[in-house]
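The following note is intended for a colleague who is meeting this structure for the first time. Please read the numbered points with the sequence and the model at hand.

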Amino acid sequence: MFNSFTIKKYFMRGFLFIFLVGISAPSFSKTGKYRLTLRDNPATSIVIGWEQISGENPVVYYGDVDYGVSWEDYKLNVKPDRTVHYAEMENNFVRLTDLTPNTAYYFVIKDSEGVSKRFWFKTAPMEPDSRLSFIAGGDSRNNPVPRRNANLLVSKLKPHAVLFGGDMTVSGTTEQWQAWLEDWQLTISDNGRMYPVIAARGNHEPNNEMVYHLFDTPSEKIYYAITIGDNLVRAYVLNTEISIAGDQTAWLNKDLAQNKNARWKIAQYHKPMRPHVSTKREGDMQYMHWAKLFYDEQIKLVVECDAHTVKTTWPVKPSTGRKSDEGFVRDNRRGTVYVGEGCWGAPLRANDDTKSWTRDSGVFNQFKWIFMDSKKAEVRTIKTDNAEEVASVPNENPFDIPDKLDIWNPENGAVVEIRP
Ligand SMILES: [Fe+2]
């Protein structure tokens, strides 16, 4: 039975509770849909992107010492380099340069209304003997559960960069992009650590602007290259949704000629040359303009997407000889390894078009986990469905394979090794 005294007592307790919460809660600014992207070497630069939901005059406060949300203690601060209203969001981008390699940087976003949570990232290493970790995949468009699982695994594998090969959403509507960026928040580790995306365009992105406006890519045409580490890797992002002949391939030729000193050259683009799904059209333009160029210039690893099935190939070279299959023969010494093809949440398709030079193939939700140093690359295919159970790699060692990680172990072995 409540008498008036009891009611008064509970009322006062409730009032005290609200009062205490009110004075102790920090005033978080209304920012969200955080993302890190790259315009240049992740050893020395990063782009911090976010949506400004309310409040004005945002400033990123950052430095290599963690001051939590005490924004005034951070050594450095910078205003957005670019603000673009797109997909009904005010997308802000701060382009940080001159960073120290292999260093943790902490940041908050402060605006007229408050301060964000504290986030951090670690720049890539720059020593000649360093090793890099990448996640590469794409096609996250339809199914939220596998998409979120793969995102969650990013937060646990802590790569130096994520190569995302297009078809993020079904058709690039405002609603779909906002949901995608919301899901991308799952790539942020528990302690606020973030990882940069190297974005490519797929056929479900109706135009180039969409990728440029949401990821602040270094090219408005969405073909570009980024050097990672001390010339350890030159990563090419190509665009299969615009003309392959002409300007794009001319640029690729020129850039390859100018970057002969890169230890590794790798490429990602959306539509495969030779999809492993029979209903998918052959990528004859990619084959005609890029296959020989990749071989001649020793691009040793190519990540393709779009077909929503799983493949790794043996190293191959273009050939139309008697022993060739769909324009390639195996060449263990100098060939290019092609891996793919999507499966970050798009509907899976049967792998019903394998070739004589296919190494292994399957059908499941997955991305590739790639380690590279000056002597060797290792590519593993990671099944993403059990993301919740997987442990995290330590912050200091992203190569320490975590408990319960579901590494695909097909007939020809779990690890594809490639020499530069
Ligand atoms: Fe596609």
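**Note on the predicted model**

1. Helices (H or I, at least four residues) and strands (E, at least two) are DSSP runs, numbered from the N terminus. This is a predicted model, in which local features need pLDDT of at least 70 and side-chain atom pairs count only at pLDDT 80 or more, while totals for chains, interfaces and linings use all residues. Residues are numbered from 1 along each chain as its sequence is written.

2. Helix H4 itself covers residues 208-215, and its buried residues are Val211, His213, Leu214 and Phe215. A residue is called buried if 20 or more other C-beta atoms lie within 10 Å of its own, exposed if 12 or fewer, and partly exposed in between, with C-beta atoms placed from the backbone. The buried residues of H4 pack against E1, E5, E6, helix H3 (174-184) and strand E11 (196-199). Contact here requires that the C-beta atoms of two residues, placed from the backbone, lie within 7 Å.

3. The domain assignment divides the chain into domain 1 (31-122) and domain 2 (132-418); such bounds come from an automatic or database domain assignment. The C-alpha centres of the two domains lie 27 Å apart. To their contact, domain 1 gives 27 residues and domain 2 gives 27 residues. On the side of domain 1 that touches domain 2, two or more residues come from each of strands E1 (31-37), E2 (46-52), E5 (82-86), E6 (89-96) and E8 (119-122). E1 has the largest share of that side, with 5 residues.

4. The largest nonpolar core has 98 residues, of which Ile48, Val162, Leu163, Ile198, Val233, Ala235 and Val237 touch the most other members. A nonpolar core is a set of buried Ala, Val, Leu, Ile, Met, Phe, Trp, Tyr and Cys residues joined through C-beta atoms within 7 Å. Because domain 1 (31-122) and domain 2 (132-418) both give residues to this core, it lies between them. Isoleucine 48 touches Leu36, Val60, Val94, Leu96 and Phe107, residues up to four places away in sequence not being counted.

5. Where does isoleucine 226 lie? Isoleucine 226 is placed in strand E12 (residues 224-228), and it counts as buried because it has 21 C-beta neighbours inside 10 Å. Apart from neighbours within four places in sequence, isoleucine 226 is in contact with Leu38, Asp40, Asn41, Ile198 and Ala235.

6. Strand E19 (residues 337-340) is covered on both faces: Val337 and Val339 on one side, and Tyr338 and Gly340 on the other, are all buried. Strand E15 (residues 299-303) runs parallel to E19 and is joined to it by 3 bridges; strands pair if DSSP finds at least two bridges between them. Strand E16 (residues 310-313) pairs with E19 in the antiparallel sense over 2 bridges. Valine 339 of E19 is the bridge partner of valine 303 and also of threonine 312.

7. An open sheet of 4 strands, paired antiparallel, has the order E4-E3-E7-E8. Strand E4 (76-78) and E8 stand at its edges with a single partner strand each, so one side of each is left without a neighbour in the sheet. Strand E7 (residues 104-110) and E8 run antiparallel and are joined by 4 bridges. Tyrosine 105 stands opposite phenylalanine 121 in E8.
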